[in-house]
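Welcome, and thanks for taking a look at this one with us. The report below walks through a few loops, a pocket and some ring contacts.

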Amino acid sequence: NLVKNSFESRIKGVFGPISSAQPKAQSAVKSKRTCLSRRQHKYNTFIRTGLMPNRKSSLNSAALALGVRGYRITSLSDALFSIIATITAVPLAASVAESRKSDDQQTSVTAALSEGALPLLYCLVTFNIVSRTQLFHCIIFDKVERASALVIVANTFFMLFVSFIPMGQTLLSNASMASDSDLATYKGASIFFVALLSCVRFSGALLVYLLPMRNDAFRLCLRRRRLVQEGVGGLFFAGLAALPLILFKDENKEWGFPLYWVLLAVSYKLSKIVSLMTLRRYWGYSEEMVAKTRDLKSKRYSRSRVDAYTDGVLAISATLIILDIGSCEQGASVGMVSSCEDIDVVSYLYNRRSQLSAYVVSFVLICAKLWARHASMWKHVKQCGILLHFLNTQCCCFIALLPYSIELMMSYDESDEQRRHAVIFWLCNVLLISLNILAMGG
């Protein structure tokens, strides 16, 4: 008792009476619990993790604590998408530049265009594939306020597989430009390209599964459809990746290669049908809810994503043109020096007058006219739909082809006829850009 009384007296002397300290401690604990319950209620009301939405998980809590704001991850992804989409047109200009430097260029612009017809087609298709992937990324990240660490990792692998798409396009272009081109040369390139698209779809399905979402029945239905569509599409592409080993033979030269790409397009459409059937049969959604997911309004996203993507494509396309002009190595047919030693600056600039004038005109056209027109037209748009996204994709695609058009003008400027053909191709490129901008404005 003596020890107990002494201890209580010491506590009273330092902290005051025990009876008065206990209510304060209890009120502090109670307020803390109230604050935590409010935070938990707010978390349950606005954000739920897609990994385990029905029960609490320490893994989810830790992943959200280590995550970032949603706009940060979308800003990084848009920058990567713009770079990946723009470099799909780099091999076209690089092949013409290498021919000019090695003094082994074609006799005419029409011959160069006929030889590069398939690479140009692969460039257009690949650009649209990357842009379609960016549309998928914009839709699934719409209204996402916070991304967990698991989402960051999944998005990193998703963008990694997307960044390999231009590599597959280059392999297909090199196979089409080979002198002994046959179906056997397309085997490795086609298998790599389709297997890569399969990895993109699988990683997209994982990204959809891990994304946080709101308490919205329609968003949950749309997310489930995207999950099934990407997963089933990845399975279809993985199964078709090995088909060139059987289909690409010399006896199938007339129909084997086109049939393979038709099967890929059919499998893409079939994955959509399977996702809709799964919503009806497995999850039991009504026909009205399923039809709502097919509506074009469900594929709208914020206009800021369009601005970031388009500005990136325009900036990269405008600066890609100057890369080859700064090189000192040129062919002897254009009267250039072969090295940068003892170079005369005046003669160097005089011999580069056509390249520099083409660069200045194109840079002013892209950064002043096209960008200003696009910015003034899109400032009244709040959300972007699938039709506007398609038109903006074609506009950006033709803008990315401007370095190729200018490279043709720089390589074929010895005669008036060849220069005229190159200028006509450049003007057609600019005309297609203007028509797409006009269509978006209408």
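## A buried serine in a loop

Let us begin with Ser298, which lies in the loop between helix 14 (287–294) and strand 3 (301–302). Helices (H or I, at least four residues) and strands (E, at least two) are DSSP runs, numbered from the N terminus. Ser298 counts as buried, at 7% relative accessibility; the term buried means under 20% relative accessible area, exposed means over 50%, and partly exposed is in between (1.4 Å probe, protein chains only). Along the chain, Ser298 and Gly385 are 87 residues apart, and their C-alpha atoms are separated by 8.6 Å.

A word on the source: this is a predicted model, in which local features need pLDDT of at least 70, side-chain atom pairs count only at pLDDT 80 or more, and totals for chains, interfaces and linings use all residues. Residues are numbered from 1 along each chain as its sequence is written, and side-chain values use heavy atoms, with hydrogens and water left out.

His380 sits in the loop between helix 17 (353–378) and strand 4 (383–384). His380 counts as exposed because its relative accessible area is 65%.

Lys143 belongs to the loop between helix 7 and strand 2 (146–147). For context, most residues other than glycine have a negative phi. Lys143 is partly exposed, with a relative accessible area of 45%.

## The largest pocket

The largest pocket holds about 800 Å³ of space. Here a pocket is an open set of points, on a 1 Å grid over the protein atoms alone, where a 1.4 Å probe fits, with protein on both sides within 12 Å along at least five of seven lines; lining residues have an atom within 4 Å of a point. Grid points are joined across faces, edges and corners, and the volume is the space filled by probe spheres set on the points.

How many residues line the largest pocket? There are 31, of which Ile129, Arg132, Leu197, Phe237 and Tyr268 lie nearest its centre. Two or more lining residues come from each of helix 7 (117–140), helix 10 (185–210), helix 11 (217–241) and helix 13 (256–281). Helix 7 gives the most, with 12 residues. By type, the lining divides into 20 nonpolar, 4 polar and 7 charged residues, where Ala, Val, Leu, Ile, Met, Phe, Trp, Tyr, Cys and Pro count as nonpolar, Asp, Glu, Lys and Arg as charged, and the others, Gly among them, as polar.

## Residues within helices

Thr126 is found in helix 7. Thr126 is buried, with a relative accessible area of 3%.

Ser267 is part of helix 13 and is buried, at a relative accessible area of 7%. Its side chain reaches the backbone oxygen of Leu264 at 2.6 Å. Over in helix 20 (residues 416–441) we find Glu417, which counts as partly exposed at 45% relative accessibility. Glu417 and Val109 are 308 residues apart along the chain, yet their C-alpha atoms are separated by 9.4 Å.

## Aromatic rings and charges

The count comes to 6 aromatic pairs. Rings of Phe, Tyr and Trp (its six-membered ring) pair if their centres lie within 6.5 Å; planes under 30 degrees apart count as stacked, over 60 as edge-to-face and the rest as tilted. One of the pairs is Tyr260 with Trp261, edge-to-face at 5.5 Å centre to centre and 70° between the planes. Tyr260 is buried, with a relative accessible area of 0%, whereas Trp261 is partly exposed at 24%. Tyr282 and Trp283 also pair edge-to-face, at 5.1 Å centre to centre and 80° between the planes. Phe193, Phe248, Tyr260 and Trp261 form one aromatic cluster.

Two charges sit over rings (NZ of Lys or CZ of Arg within 6 Å of the ring centre and within 35 degrees of the ring normal). Arg201 lies over the face of Phe237, at 5.6 Å from the ring centre, and the charged end of Lys292 sits over the ring of Phe218, 4.7 Å from its centre.

Methods: A polar contact is a pair of N or O atoms within 3.5 Å; within protein, one must be able to donate a hydrogen and the other to accept it, and residues adjacent in sequence count only if both atoms are side-chain atoms.
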